[in-house]
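Here are a few friendly notes to read alongside the model. Take them one at a time, with the structure open beside you.

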Amino acid sequence: MAPQIDELIQKIRELEEELEVEFRTKREQFQFIIEEKRVRFAEEAARQQRRLKTGFFRYLAESRPLNVLTAPVIYAGFIPFLLLDLFLLIYQAVCFPIYEIPKVKRAEYLVFDREDLPYLNIIEKLNCFYCSYGNGLAAYFREIAARTEQYWCPIKHARRIRAAHDRYPRFFEYGDAESYRKGLERLRKEFDKGNGIKQEGKKAQKDT
């Protein structure tokens, strides 16, 4: 990879780290700690948040009728989500050991902690669980697909693509046949370098 690209990737990592530090500083004002994956608020902070909780029946009464009517359509997504989750489990178990690709840790992408928020009612917590599952599963799927692409076809597109995954910058340039042929086997073994930005963010999160 060109030194300029390596340098830009390193700058992005540093900016991501700075952003995580700012997030951590912002979170400290809400007085909570994480114990065994559960969030615990200070007693006074929890009391203040409970005062802002909207009751179950009031929440339903104040909801837009169309929001209520479309809820079954939204939650029907649970079925394809579960099927995708099962497929990814089987796919990784069968294929990644053969390709010698490190498995993606599901628990790092599917995080469910919003149910610990005192100001959410049961419906809001269910909504948050669903959103956490859907978006976490999408990120989990994306990383599995990215590792697969890094192994089988690590070539950039001729046209710019929107929201490329973290491994994409390390791919070979479109049309650079020589680099592709010479470097494919090397890149297939560099999975620890492909998403350095994400790893930096996770490290910072663990330090909180």
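**Notes on the rings, the core and a surface patch**

1. Let's begin with the aromatic rings: the count comes to 18 aromatic pairs. One of them joins Phe172 and Tyr180, whose ring centres are 5.9 Å apart; their planes stand at 90°, so this pair is edge-to-face. Phe172 and Tyr180 are both buried. Please keep in mind as you look that this is a predicted model.

2. Some rings come together in a group. Tyr75, Phe78, Phe81, Phe112, Phe129, Tyr130 and Tyr133 are linked into a cluster by ring pairs.

3. The largest nonpolar core is made up of 14 residues, and Tyr140 and Ile144 have the most contacts inside it. At least two residues of this core come from each of helix 5 and helix 6 (122–152). Which helix gives the most to this core? That is helix 6, with five residues.

4. Finally, turn to the surface, where Leu86, Leu89, Ile90, Val94 and Ile98 form a nonpolar patch. Together these residues have about 500 Å² of accessible area. Val94, one of the patch residues, lies in helix 5 (residues 78–99). Why is Val94 described as partly exposed? Its relative accessible area is 49%, and partly exposed covers the range between under 20% for buried and over 50% for exposed.

Definitions and conventions: Residues are numbered from 1 along each chain as its sequence is written. This is a predicted model: local features need pLDDT of at least 70, side-chain atom pairs count only at pLDDT 80 or more; totals for chains, interfaces and linings use all residues. Side-chain values use heavy atoms; hydrogens and water are left out. Patches are made of residues with over 30% relative accessible area and no salt bridge: like charges are joined within 9 Å, nonpolar side chains (Val, Leu, Ile, Met, Phe, Trp, Tyr) within 5 Å. Accessible areas come from the Shrake-Rupley method with a 1.4 Å probe; for residues, only the protein chains shown count as cover. A salt bridge is a side-chain nitrogen of Lys or Arg within 4 Å of a carboxyl oxygen of Asp or Glu. Helices (H or I, at least four residues) and strands (E, at least two) are DSSP runs, numbered from the N terminus. Buried means under 20% relative accessible area, exposed over 50%, partly exposed in between (1.4 Å probe, protein chains only). Rings of Phe, Tyr and Trp (its six-membered ring) pair if their centres lie within 6.5 Å; planes under 30 degrees apart count as stacked, over 60 as edge-to-face and the rest as tilted. A nonpolar core is a set of buried Ala, Val, Leu, Ile, Met, Phe, Trp, Tyr and Cys residues joined through side-chain atoms within 4.5 Å.
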